[in-house]
Amino acid sequence: MSHKHVGSLHAADAEMAISNARDVYTRRQEGVSIWAVPSESITASSPSDKEAFFDPAEDKVYRHPTFYDLPDELEHM
Amino acid sequence: MEEASLIERFDNYVAANKKIEPKDWMPESYRKTLVRQISQHAHSEIVGMLPEGNWITRAPSLKRKAILLAKVQDEAGHGLYLYSACETLGVKRDDLINDLHNGKAKYSSIFNYPTLTWADMGAIGWLVDGAAIMNQVPLCKCSYGPYARAMVRVCKEESFHQRQGFEIMMTLANGTDAQKKLAQDALNRWWWPSLMMFGPSDKDSTHSEQSMKWRIKLFSNDELRQRFVDMTVPQAEMIGLTVPDKDLKMDVETGKYQFGDIQWEEFFNVIKGNGPCNKERVATRKKAYDDGKWVRDAAAAHAKKKQARKKAKAA
């Protein structure tokens, strides 16, 4: 299973951040591992560039297996 | 890009049901109204720990004590999610908390009422959390991403709150005569304040129209209030309790309940600061914050020392 973003919190340092994250975000057995990272260490893509950044993938359907029309009798592919 | 076209782009985005995220452009008034709403929601969760926190040491059994403790802890967590969501709008948590303490920021009017008996725990879980759920489920789909996502998490946790409350009321209502009286008395005191939680009547609600246009508010106050009444009256009947409203009547044509007039004077008076517990609630929060300063200072000092030790070791 991969780590997924669940939220943010305040803490004095990294160790307290893990402790606080355990207290706030795992009360109902939501996970078995926590990664905490200072928000200033995160580099994020820019929302205003969203279209330019992600749209090019939209019309490249040949990257998907379903694009290829192959005989039904073909097995194991 | 020109302001007018930015606004148009924003309006279209919101109308298309898309989420606004922290780094997206947004009108200053949208940001301001969200800061107000989300911070007051956060304050409500934290202040909301107090009426129920009052009964933790006096819960009638160990099981009920553990359950109430868990509920109150959940409310702390909810406050934390919401402060975090609010901070994405460029505000500092300390400033939000200062505004709560100096009376500039409000919190839900319901928490200005006292919890007089154990049965109040039942009434609060059933009615107050019930009303909160009614308000919060639509917010899961609101236009501001961090707020909507915080609400999804909150709603998942809130349903245990309501169930434990109703279970308390049900147990009391099926108990001795004294216990049944206790439950009925709690219902009598919490019913109308719970209806007031949905805010003023639509015609008197100042922020509603703009909030609905921006998809921050999806249903009107009166609509949600009506839904709450229709949902809750049968629940009361199921456990043999009477809703304290002599004008309550099922309208056979619409299938909805007609209910009596709300004492709006009381609502506005409590909002203004004259409810039974307003001063006590804010004073308690301020004291907790002030008395806790040494913990924050110690944590920061400890972190600093650890960091210095690490650096020295590496050198």
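Tutor: A salt bridge here is a side-chain nitrogen of Lys or Arg within 4 Å of a carboxyl oxygen of Asp or Glu. This is a predicted model, where local features need pLDDT of at least 70 and side-chain atom pairs count only at pLDDT 80 or more, while totals for chains, interfaces and linings use all residues. Residues are numbered from 1 along each chain, chains are lettered from A in the order written, and side-chain values use heavy atoms, without hydrogens and water.

Student: How many salt bridges are there across the interface of chain A and chain B?

Tutor: The rule finds 6 across that interface. One of them pairs B:Arg153 with A:Glu30, with the closest N and O atoms 2.8 Å apart.

Student: How many residues does the contact take from chain A and from chain B?

Tutor: Chain A gives 16 residues and chain B gives 20, where contact means heavy atoms within 4.5 Å.

Student: New topic. What lines the largest cavity?

Tutor: B:Arg64, B:Ile67, B:Leu68, B:Trp118, B:Gln164 and B:Ile168 line the largest cavity. On a 1 Å grid over the protein atoms alone, a cavity is a set of points where a 1.4 Å probe fits but cannot get out, and lining residues have an atom within 4 Å of a point.

Notes:
On a 1 Å grid over the protein atoms alone, a cavity is a set of points where a 1.4 Å probe fits but cannot get out, and a pocket is an open set with protein on both sides within 12 Å along at least five of seven lines; lining residues have an atom within 4 Å of a point.
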